Structures are given as structure tokens and as C-alpha cells.
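This report goes through a structure from its overall fold to a few individual residues. The sequence and the coordinates come first, and the discussion follows them.

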Amino acid sequence: MTELQADQGAQALEVAHVQAKTRRNRDVLIALAVFVILALLPMLFSSKFLLDFVIRCAAYGLFATSLNLLVGYTGLTSFGHGMFFGLGAYGFGLMMQKTGVSVPVAFVATLAITFVTALIIGAICVRLKEIYFAFVTLAFQMLIHSTILSWVSLTGGDQGLRGGIPRPPFWGIDLSNHLHLYVTSCALLVIGLFLMHQIAQSPFGYTLRMIRDNATRASFIGIDVWRAKLTIFVLAALFASTGGVIMALFVSGAYPEFAYWTISGEGIFINMLGGVTTFLGPMVGTVLLLILNDTVTRLTEYHGLVLGIVILFFAIGLRKGLMDFVVEWYAQRRDGRGK
Amino acid sequence: MDIDALTGCLASSACLVTQTTSGFIIGMLLFLVAVGLTLIFGVLKVVNFSHGAFYMFGAYFAMTAYQLTGSFALAMLCGAAGTAILGLIFERGFMSRVYGADVLMQVLVCYAFVLIFDDVVRMIWGPEFKSMGMPVAFQVAPLFIAGGVVPPYYLLLISVALAAAAVLGLGLARTRIGKVIRAAAHNPGMVSALGINTGLIYGGVFALGGMLAGLAGALAAPVRSLTPGMGFSVLIESFIVTVIGGMGSILGALIGALLIGMIRSFGSLGFPLFTEGLMYLFMVIVLVSRPTGLFGKEVA
């Protein structure tokens, strides 16, 4: 635990600094390797279904992992994180349909809109505690959802943004080409995960864990808890919004369901499925949920029933997410051998 | 937005009466669901996300009983008793296993049951809209109060809900069981050390909450259409009610339910597309100004 040694003098600090640096270099290499593998996938398997699956994983994975920054790392159980997913999809879709700017400009502008919205909503929400935080985020989510439904002239109401999203080529990338869309989604996913991992491993990330474990103590040692919570709320919103952008590109539109509370519910479920104590837990959860959804929907019309029973298995049987379970099981086995 | 319709209604006594009654019945149904929710939270410290399903089952039980027997009273009884039993089974069989676990685990168990219950209803009663129809006894001419139309059934609905509120409020405040329940909410360890079976109390409170939601569903069955998933909008609205009123406060649930009922009723005139939005906006305003709700106590 290099973080704990930080108070043991300048030397320890320097060691920690060097370790952090090599760790970052290692993360960059891993991220690059993952991206290369994902990008080579279409050459090995030419199935469109697989590519679609990975794109959906990228959209939901970014969303779920960013939610875990709030739930798992900071202890902020947001029931309304999906609003930023929806905001990303609608912001990007509208920008492309109405203004005719290039894709990168629309993307950055969407993030800017998300930033401002998350700052305002977050400033109101993060001073509330536990269940009240959960509910007020839910209320904001539904407020945005209601606005989308009622502002028909702009959003198309319950029909959603239809007519497709124009995707003019930029920098030699043509997003209407399925392969280009796939590689871009993979790149966004890998960059997003890398950045989120850096946030989680930074001193700021450890501040968040401390706030989760004991907010009073954190404020006693001079941490501005409100500001730290707001910062991570806004950061997480940006990544969720990026997931929404990928989704809008994938379905070439945006629908009110993207901003409905069920998206947040699925995000929470994904986190619980994969586990909240490991960084990659939500990613594992995303893959599991998507596979589960796809197979169950194909097999039976009562897919809620099957899904519900699977959830019960995780909640009452394992009592933790899959990755949490695996990590704990592995640790126990290793300890058992050491003795 | 249609502000003219709203001001026009406020100026007409007939419209005012009609809208207020309709706000009242929305509020009263919401109160019955929300008070169960708030009670379960107050005693068990569990946020029961599957509470809307009990409302749904209450409505379906009542419809089936009414179709089989033709008796309205029996239909109400079946709706309430059936969901009470369901609540007991649900609590003893599943919820009791995740007490003390992460809040997210409890939410997840409830979420699982929302999915399961909806599909069970779909299996038994089919996916299409059903309707119970107005009982024969209430197929009479509506009353006219100051020019406004008030169906007699609405009066029954409001009085049953108010009676339930009174019985519940007095029962918790005055009776021995009520005191034990409040004690268990405050300090379950001490209550159990005194030789009182807390498991029984927890199961009982859950059954009571389920029964109230089931009663609301049964009362709503003649005036609303029944569909799998009908519990959901009710659940979200009763959450708003409990949060506005303050989690765990019965009086808060009553006031919150009436406020939401009126917002829905009058909001549908002035802001037809944004009625739901108005509720959420109201909830945000309340929570921002009073983070624990109107009647909520600061919970440690």
C-alpha cells in the first residue's frame, strides 16, 4: 500500500511516485494491447453479430463502469445515472441532426453540455445522504425523461429522434461504415476505461474510498467532501454520456428509453452482477447481462422471470458480484496454501 | 402548456369540485400504497422496491374474486388478504435473508421480484388490459356537488382509505402491538432481548404493508385498467410521496399523497404533457429545501 507509506518521509514519497509511474506505463501497454486485440477481432470472426455485441458492450460498459466510480468507490448510490447516458445520446443526436457540425465537434459539445448539467444537478444532489441521494437523482432522471417526452418539437417525444443521425466522415473515419464504427467504439471504450482506472488509482481515487468508508473522518483531516463528491459525480457523468454517444451512433437515433430510470436500474444490476470491489467488475457484469438478455429473450417470452431468478441467485446465493466472488475465492485459496 | 385551461378551471366551481375529487382519489390510493412503504421502511429499514407488485396483485385478486363470486365486499377482502399472505411469504422467504446486507442487495432482491411478479401475472391473467367493471351496487347516478360530478364510488374509496389511515395511526400510537412495533423500529436488539419475536413483527409489518397496497389495488380495480406492470408507475409515485412526506412518517405519507394527487389532477389541465415532470420537480424542490422530507426526522 504505497498510499499508506506517504507519511513516512520524502523517500517513501519518491518510491510511491516512481511506482505510480511504472504502473501507469504498464496500464498504457495493457490498454494498447486490449485495443489491438479488439481491433483484430473482425479479421478472425467476420460475424456482424459479434461486432454489434462489442459495440453494445462498449456503450453499456462505459456507463456501468462510470456508475461504479460513484457506487463502489465513493458510496454514492445513484438511481439516476442513466440520465447522463440519455443526455449523451440525445445531445449528440440532436447536434448532428440540427447543426451539421462535424462528429468530433458534436462529441466535445455533448460532453460540454453534460459537464454543465452534471455540475448543476450534482451540486444539488451530493449534499444529500444515502437513500435521499438515490431518490433525488432518480427524480432528476425522471424530470429529464419527462422533458424529453413533452418537448415534442425538439426531441420527437415518445417516438424518439428518428430519421437517422448524419455521420459525415472525419479524419478518414467514416462512421456509417460498420467496421469504422466498431473500431471507434472500441477506442472510446479502451480510452474511457484507461482514464477511469487512472482516476480510481490516483490519490483522488483513494480520497473517494475514504469518503465512502468514513466521510466524517475525511472531512476532519481537511478534505472538502462536497467538492470531491461533486467532482466524481461530474466525471462519471462524462463517461456515461460517452456511452450514450456510442449508443446513439449504433442505433442511429435516440429514444426516451435511454433516459428512463430502467437504464439506471440496469446499471446498478450490472454492477451487482459483476461486482463493485474490482475495477473490471462492471465490465464483466455488462458482458454477462448482455449475453443473458440475448439468450433468454431468444428462448422464452417470460424473460423477466428467468432474469429475476438469476438475480436472486446472485443476491441471495452468492451475496456478491461475480468478480467479487472470484477475487475472494482466489484470495482464500492462496492464503490456504501459504499456511 | 395550457395555462388558460387551468385558470378557467380554478374560476369554475364545477370544475374545481371535479378536479379536487379526482385529486383526492389519486391521493388516497397513493396514500394506501405509500403508507405501507413508509411503514416497512420505518420498521425494517428496507426500501421495498417490489411494493408496486402488491398493488398489482391486489387488483388482480379482487378482479378474479369479483368475477367468481359477484360480491364486491369479498373482492376487497380477497385483494387485501391475498397480498397480506404474499407479503408474509416474500418477507420470511426472501427479504429476511438480506437484512444487514448491502442496501444494493436488498434493492436487487426486490428488483428480481418486480421482474418475476410481472411475468407471473402475465402467465396467469395474460398480457392484455383487463377491467373489473364497476360493481352493480355503485352503478347509480353520480352526485352533483356545486355543479361538479362525483361518482358515489369515489366517496366510498376516499372513506375506506381515510378509515384505514385512522385505524393505522391510532393502532400504532395507542395499542400494545403498535408500541411493540414502534419499539422494534427504534431498537430491535432490545425488543428481542425482552423475549419478543422480532421475526414475527417484521413478517407482520411486511404483511400489513402488503395488505394496504393490495387494498389500494383492489379499490382501484373498478376504476382503472389492469395490466402486468401496472404496479410500476404507482411504485414510483408512492416513492415520491414517501420521500416528500419523510421516510417513516405516516402523517407525511398522507400529506404527501394529497399534494401529489392535487398536482396530478390540476397539472393534467395546465401541463398535459408535463404532469409527471411536475411531480418530480416538486420532489426536487422539497428535497433540496428539506433533505429529509416535510415530516422526516434526521436519521443517523
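## Fold of chain B

Which pattern does chain B follow when it is read along the sequence? In this predicted model, the order is α-α-α-α-α-β-β-α-α-α-α-α-α-α, and the secondary structure of the chain comes to 12 helices and two strands. The radius of gyration of chain B is 19 Å, close to the 19 Å that the globule rule gives for 300 residues, so chain B is as compact as a globular protein of that length.

The C-alpha trace of chain B spans about 60 × 50 × 35 Å along its principal axes. If one takes the contacts in chain B between residues at least 6 apart in sequence, 76% of them join residues at least 24 apart.

## Burial, surface and charge

Of the 300 residues of chain B, 54% count as buried. The chain exposes about 12,200 Å², and carbon and sulfur atoms supply 71% of that area.

Chain B carries 13 positive and 10 negative side chains, and a distance of 17 Å lies between the centres of the two sets.

## The nonpolar core

Which residues touch the most other members of the largest nonpolar core? They are Phe135(A) and Leu32(B), in a core that holds 210 residues. Once its neighbours within four places in sequence are left aside, Leu32(B) is in contact with Ala161(B), Ala164(B), Leu212(B), Ala213(B), Leu215(B), Ala216(B) and Leu219(B). As background, nonpolar side chains in soluble globular proteins tend to be buried together.

## Two loop residues

Is His81(A) buried or exposed? Its place is in the loop between helix H2 (48-74) and helix H3 (82-98) of chain A, and it counts as buried because its relative accessibility is 1%, with the cut-off for burial set at under 20%. Residues up to four places away in sequence not being counted, His81(A) touches Phe63(A), Ser66(A), Leu67(A), Leu70(A), Gln141(A), Ala236(A), Ala237(A), Ala240(A) and Ser264(A).

Ser96(B), for its part, has its place in the loop between helix H4 (72-93) and helix H5 (103-125) of chain B. At 24% relative accessibility Ser96(B) counts as partly exposed, because that value falls between the limits of 20% and 50%. Ser96(B) and Phe274(B) are 178 residues apart along the chain, and their C-alpha atoms are separated by 39 Å.

Note on methods: Residues numbered from 1 in each chain as written. Chains lettered and ligands numbered in written order. Predicted model: local features only at pLDDT ≥ 70, side-chain atom pairs only at ≥ 80, totals over all residues. Heavy atoms only, no water. Helix = DSSP H or I, 4+ residues; strand = E, 2+ residues; numbered from the N terminus. Rg over C-alpha atoms; globule rule 2.2 N^0.38 Å. Buried < 20%, exposed > 50% of the residue type's maximum accessible area, 1.4 Å probe, protein only. Contact = heavy atoms within 4.5 Å. Areas by Shrake-Rupley, 256 points an atom, 1.4 Å probe, with all protein chains shown as cover. Lys, Arg positive; Asp, Glu negative; His and termini not counted. Charge placed at Lys NZ, Arg CZ, Asp CG, Glu CD. Core = buried A, V, L, I, M, F, W, Y, C linked by side-chain atoms within 4.5 Å.
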